[in-house]
Amino acid sequence: MHVEAYHKVSTLEEAYELLQTHDSAVLLGGGAWIRTGSKPIEHLIDLKELGLNTITETDQSIIIGAMVSLRDMETHQGIKQLGGGFLSEALSQILGVAFRNTATIGGSVMGKYSFSDVLTPLLVLDVSLHFYHAKTMSLASFLSQRGRFRDILTAISIDKTPCKAMFKKVSNTTLDFSIVNVAVSLVKGRHKIAVGARPSIAVLAESVMRWLDTIEKPSEMILEEAGERVVADIKLGSNQRAKEAYRQQLVKTYVTRGLKEVHGL
Ligand SMILES: Cc1cc2nc3c(=O)[nH]c(=O)nc-3n(C[C@H](O)[C@H](O)[C@H](O)COP(=O)(O)OP(=O)(O)OC[C@H]3O[C@@H](n4cnc5c(N)ncnc54)[C@H](O)[C@@H]3O)c2cc1C
């Protein structure tokens with residue numbers, strides 16, 4: 001990685017000002033992804049000294065600083081309790097421990113990676129993003145925005161309302177990117193279904209979620225229909241990892257399984 005100017009900032013204000021002043025400036029999280037690029041970086045802003053590496057728990061939520069590593073998230077006791085531990089389990093499937101000690105939640109959210117195994121499980125929780133300048137927004141709204149977002153993510157917060165949840169990553173080997181991934185949750189009778197690595201970025205199957213919410217005790221048949229509806233509702237595609245038709249089969253199968261699991265069927 002070739003860096004022309006390295007800025008070790010000590011305040012968020014300083015980091016934000018540099019980001020606005022230099023159009024080509026890049027914020028440094030764990031640097032695992034940035035390092036894979038071949039283009040020289042004119043201005044690199046290191047966020048390490050800003051104290052964004054803590055996890056705080058309140059009665060209602062868990063607040064995770066943007067510089068918290070994926071490994072610290074995975075092993076946090078409060079996060080292990082969320083949805084029966086499905087988020088910790090999802091994180092544990094990303095490469096090895098040494099890698100997860102480097103990669104941060106900030107870089108994982110702001111990178112908006114289409115293959116992400118982080119965004120899909122987060123989408124089925126109630127997650128808010130906190131920025132230095134922009135107003136707090138939901139993860140789903142952030143992901144639906146196009147174009148560059150020139151702000152600093154300071155933290156994400158996850159609502160702790162008890163829920164049942166499931167995550168499934170489908171990949172050729174444990175070190176590969178997902179062919180597709182699926183997350184499902186049930187919170188106070190409300191369903192959330194997310195599909196990622198479609199191969200495009202993770203999305204919620206909104207219309208199927210709303211339909212399921214209207215059915216008091218969905219039968220196995222209804223949950224199987226939900227799996228089919230998700231395939232019809234969400235755009236799936238082909239890439240070098242899998243053809244669309246294969247992804248359709250996987251999504252139908254794992255959405256149905258996930259829904260049965262959260263309903264205890
Ligand atoms: C070889 C490799 C394999 C991977 N495999 C997987 C996988 O299988 N599944 C998976 O889910 N993920 C995978 N990832 C992605 C990884 O989990 C991280 O999401 C990724 O490395 C980004 O995290 P980082 O801390 O390294 O971010 P960085 O590389 O530091 O930054 C990434 C981007 O986010 C921006 N950024 C960082 N922090 C902030 C902030 N606080 N505010 C605003 N912008 C910010 C940076 O400017 C940059 O644009 C892989 C990554 C690599 C390099």
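In the predicted model, helix α10 (residues 220-233) meets helix α11 (residues 244-262) through Glu-220, Leu-223, Glu-224, Ala-226, Gly-227, Glu-228, Val-230 and Val-231. On the side of α11, the residues in contact are Gln-248, Val-251, Lys-252, Thr-253, Val-255, Thr-256, Leu-259 and Lys-260. Contact denotes two residues whose C-beta atoms, placed from the backbone, lie within 7 Å. By class, the contact of α10 with α11 comprises 7 nonpolar, 4 polar and 5 charged residues. Here Ala, Val, Leu, Ile, Met, Phe, Trp, Tyr, Cys and Pro are taken as nonpolar, Asp, Glu, Lys and Arg as charged, and the others, Gly among them, as polar. The model is a prediction, in which local features need pLDDT of at least 70 and side-chain atom pairs count only at pLDDT 80 or more, while totals for chains, interfaces and linings use all residues. Residue numbers start from 1 along each chain as its sequence is written.

The axes of α10 and α11 come within 8 Å and cross at roughly 145 degrees. Axes are lines fitted to C-alpha atoms, for helices over the stretch in contact, and angles run from 0 to 180 degrees between N-to-C directions. The crossing of these two helices is right-handed; a crossing is given this hand if the near helix is turned clockwise from the far one by less than a right angle, and is left-handed if anticlockwise. Helices (H or I, at least four residues) and strands (E, at least two) are DSSP runs, numbered from the N terminus.

Helix α10 also packs with helix α9 (residues 206-213), at an angle of about 150 degrees and with the axes 8 Å apart. The two helices are therefore roughly antiparallel, a class that takes angles over 145 degrees, whereas those under 35 count as roughly parallel, 65 to 115 as roughly perpendicular and the rest as oblique. The crossing of α9 and α10 is right-handed. Ser-207, Val-208, Trp-211 and Leu-212 of α9 are in contact with Ala-226, Arg-229, Val-230 and Asp-233 of α10. This contact contains 5 nonpolar, 1 polar and 2 charged residues.

The domain assignment, taken from an automatic or database source, divides the protein chain into domain 1 (3-47), domain 2 (55-159) and domain 3 (164-262). The centres of domain 1 and domain 3, taken over C-alpha atoms, are separated by 36 Å.

An open sheet of 3 strands has the order β1-β3-β2 with parallel pairing. Strands β1 and β2 form its edges, each pairing on one side only. On average, neighbouring strands of this sheet are turned by 30 degrees against each other, direction ignored. Helix α1 (residues 12-21) packs on the sheet and touches β1, β2 and β3, its direction making about 165 degrees with that of β3. Pairing of two strands requires at least two bridges found by DSSP. Strand β1 (residues 3-8) is joined to β3 (residues 41-46) over 5 bridges, and β2 (residues 26-28) is joined to β3 by 3 bridges. Ile-45 in β3 stands opposite His-7 and also opposite Leu-27.

A further open sheet holds 5 strands in the order β4-β5-β8-β6-β7, paired in the antiparallel sense. Its edges are β4 (55-57) and β7 (137-138), each with a single partner strand, so one side of each has no neighbour in the sheet. Strands β6 (residues 127-131) and β8 (residues 153-159) run antiparallel and are joined by 5 bridges. Val-127 stands opposite Ile-158 in β8.

Two backbone features lie in loops. Most residues other than glycine have a negative phi, and most peptide bonds are trans. Leu-95, which is not a glycine, has a positive phi of about 40 degrees and lies in the loop between α4 (86-92) and α5 (97-102). The peptide bond from Arg-198 to Pro-199 is cis, with omega near 25 degrees. Pro-199 belongs to the loop between β11 (190-196) and β12 (203-204).
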